[in-house]
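Trainee: I would like to go through a structure with you. Could we begin with the terms and then turn to the charged side chains?

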Amino acid sequence: MAILLVALIIVLIVADQLIKFWAVEKLAPAGSMEFIHFGDFKIFDLTYLENRGAIFGSMAGQRWFLVGFTALVIAVGIFVLFRFMKRSKLLSLSIALFIAGGIGNLIDRVRFGYVVDMFEIKLFKFAIFNFADICVTFAFVMIMIYGIFIDPKIERQLKSEKKEAAEDE
């Protein structure tokens, strides 16, 4: 399981970096490209953006704080991944997505001093984001689902098994 999760993390990081490489090389000179439109109705564009902050551009100019904080969160994620890997495949997958997204954006921050973003939802006014952000967002949603619906069941089962084991002694 650990090897598959590490492989998944590596694949996601490589995908993120390849998309960002394309964005820097091809999208940056154009600035923006139409992507999904129905007539004049715009849904989704590819728009090059250098995000020097965190979410929605907050904490702009705090590069080294963001590098340090992101590295710390990734380290905690790696610890949690290996500590709770056998607890749930959903939890392990979620944490792997989280780690991959964090590393993808950390690479940009260290390399460029900013994070390369390119996906812009035009359907409604929203932030411009990247593949690593998508990984982190899906990870967050999956962890919330796990925490609300799955972990309580696992905890009840573990308590029941401990109680039965104590009664058998």
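This is a predicted model: local features need pLDDT of at least 70, side-chain atom pairs count only at pLDDT 80 or more; totals for chains, interfaces and linings use all residues.

Trainee: Then how does Glu50 count, and why?

Mentor: Glu50 has 32% relative accessibility, so it counts as partly exposed.

Trainee: Which residue does Glu50 form a salt bridge with?

Mentor: The partner is Arg52, and the closest N and O atoms of the two are 3.0 Å apart. Arg52 also counts as partly exposed, because its relative accessibility is 41%.

Trainee: How many salt bridges does the structure hold?

Mentor: There are 6 salt bridges. One of them joins the side chains of Lys20 and Asp16, at 2.9 Å from N to O.

Trainee: Where do Lys20 and Asp16 lie?

Mentor: Both are in helix α1, which covers residues 2-30. They are 4 residues apart, about one turn of the helix.

Trainee: Are Lys20 and Asp16 buried or exposed?

Mentor: Lys20 is buried, and Asp16 is buried as well. These two residues also belong to a network of salt bridges that includes Asp108.

Trainee: What about Arg87; which residue does it form a salt bridge with?

Mentor: Arg87 forms a salt bridge with Asp151, and their closest N and O atoms are 2.7 Å apart. This pair links distant parts of the chain, as the residues are 64 positions apart. Arg87 is in the loop between α2 (63-83) and α3 (89-112), whereas Asp151 is in helix α4 (residues 131-168).

Trainee: Why does Arg87 count as partly exposed?

Mentor: Arg87 counts as partly exposed because its relative accessibility is 25%.

Trainee: Let us change topic to the sheet. What is the order of its strands?

Mentor: The sheet is open and has 4 strands in the order β1-β2-β3-β4, with antiparallel pairing. At its edges are β1 (32-38) and β4 (128-129), each of which pairs on one side only.

Trainee: How many bridges join β1 to β2?

Mentor: There are 6 bridges between β1 and β2 (residues 41-51), and the two strands run antiparallel. Ile36 stands opposite Phe44, a residue of β2.

Trainee: And which helix packs on the sheet?

Mentor: Helix α3 packs there, touching β2 and β3 (115-121). The direction of α3 makes about 125 degrees with that of β3.

Key
Residues are numbered from 1 along each chain as its sequence is written. Side-chain values use heavy atoms; hydrogens and water are left out. A salt bridge is a side-chain nitrogen of Lys or Arg within 4 Å of a carboxyl oxygen of Asp or Glu. Buried means under 20% relative accessible area, exposed over 50%, partly exposed in between (1.4 Å probe, protein chains only). Two strands pair if DSSP finds at least two bridges between them. Contact means heavy atoms within 4.5 Å. Axes are lines fitted to C-alpha atoms, for helices over the stretch in contact, and angles run from 0 to 180 degrees between N-to-C directions.
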